[in-house]
Amino acid sequence: MRRRTGPAPARTEPWHPCAWQLQSLLLAYPDEEFPERLALARRAAPTLPDRVRAPLLRFTGHAEHTPAGELAAAYVATFDHRRRCCPYLTYYAHGDTRRRGVALLRLKQTYAAAGLRLADDELPDHLAVVLEFAAAEPATGRRLLTEHRAGLELLRLALRAEDSPWTAVLESVSATLPPLKGDEQRAVARLAAEGPPEEQVGLAPYTPPQFMPGPAGGPR
């Protein structure tokens, strides 16, 4: 009899690290170095498949024609002041509960095992951080992104509802991952209807202070 095995791990493509690195750069706060990141994205994007490249170029086109102060203000208004547009992936699965503290710690341990150390002001579940890690460790990074597929889709839908230019970057991220399956579609529907779990205690005992979200979710 043939022994049954588990599902084969999702395959990464040679272009995945480039895509994830560019997406990470574009999802970071648009500071004084952002024009350089935009220029890099515009140069590198043509090497990617159209479904990944086209939304990235839509975003870079918008950002290049938007005053720096206006773009920065839009970023803060979108990601720091709208809970439904939260860029911290464990929030969608665990909300502000004890389990989120455990998830943050496990992410930190995964990064440390691969030799990646975060700055003291970086939370490990910020989408830009996860994408940066995926660019360096594609197999593990793809697994992490796929585990948070429902949250990523909910974030994409929330950004689209806000008519946010960062919707295009999330579309590009989604194009690097497998399509949503039935269970994932149901998870998205549940999250959209009910929101993340609520429990306003429990992060502190499980997570070092530097990985605790601030009032607006923490910096990136």
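Buried here means under 20% relative accessible area, and by that cut-off helix α1 is mostly covered, with 9 of its 12 residues buried. Keep in mind throughout that this is a predicted model.

View 1. Walk along the sequence and the pattern reads α-α-α-α-α-α-α-α-α-α-α. Of the 220 residues in the chain, 46% are buried. Among contacts with a separation of 6 or more, 70% join residues 24 or more positions apart.

**View 2. Helix α1 and the helices it packs against.** The buried residues of α1 are H16, A19, W20, L22, Q23, S24, L25, L26 and L27. They pack against α2, α3, α4, α7, α8 (138–147) and α10 (167–174). C18, for its part, is partly exposed, because its relative accessibility is 27%.

View 3. R142 sits in helix α8. Is R142 buried or exposed? It counts as buried, because its relative accessibility is 9%. Look across to W20, one of the buried residues of α1: the two C-alpha atoms are separated by 9.6 Å, although R142 and W20 are 122 residues apart along the chain.

**View 4. Helix α4 has a buried face.** The 13 residues of α4 should span 18 Å at 1.5 Å a residue, and the end C-alpha atoms are 17 Å apart, which agrees. Turn to the side chains and L71, A72, Y75, T78 and F79 are the buried ones. Seen down the axis of α4, these buried residues fall within an arc of 135°, so they line one face of the helix. On the other side, G69 and E70 are exposed. What covers the buried residues includes α1 (16–27), α2 (34–44), α3 (50–64) and α9 (149–161).

**View 5. T78 up close.** T78 belongs to helix α4, which runs over residues 68–80. At 7% relative accessibility, T78 counts as buried. Its side chain reaches back to the backbone oxygen of A74, at 2.7 Å. Leaving aside residues up to four places away in sequence, T78 touches C85, L159, S164 and W166.

**View 6. The largest nonpolar core.** This core has 49 residues. The ones with the most contacts inside it are L26, L27, F59, L127, L145, L152 and W166. Helix α7 (residues 127–136) gives the largest share of the core, with 8 residues. Zoom in on L152 and you'll find L89, L127, L145, L170, V173 and L177 touching it, not counting residues up to four places away in sequence.

View 7. S172 is part of helix α10 and counts as buried, because its relative accessibility is 0%. Which backbone oxygen lies 2.9 Å from a polar atom of the S172 side chain? The oxygen is that of V52. Beyond residues up to four places away in sequence, S172 touches Q23, V52, P55 and L56.

**View 8. D163 in the loop between α9 and α10.** D163 is found in that loop. Its phi is positive, at about 55°, although D163 is not a glycine. With a relative accessible area of 70%, D163 is exposed.

Technical notes: Residues are numbered from 1 along each chain as its sequence is written. This is a predicted model: local features need pLDDT of at least 70, side-chain atom pairs count only at pLDDT 80 or more; totals for chains, interfaces and linings use all residues. Side-chain values use heavy atoms; hydrogens and water are left out. Helices (H or I, at least four residues) and strands (E, at least two) are DSSP runs, numbered from the N terminus. Buried means under 20% relative accessible area, exposed over 50%, partly exposed in between (1.4 Å probe, protein chains only). A polar contact is a pair of N or O atoms within 3.5 Å; within protein, one must be able to donate a hydrogen and the other to accept it, and residues adjacent in sequence count only if both atoms are side-chain atoms. Contact means heavy atoms within 4.5 Å. The expected span of a helix is 1.5 Å times one less than its number of residues. The arc is that of the directions from the helix axis to the C-beta atoms. A nonpolar core is a set of buried Ala, Val, Leu, Ile, Met, Phe, Trp, Tyr and Cys residues joined through side-chain atoms within 4.5 Å.
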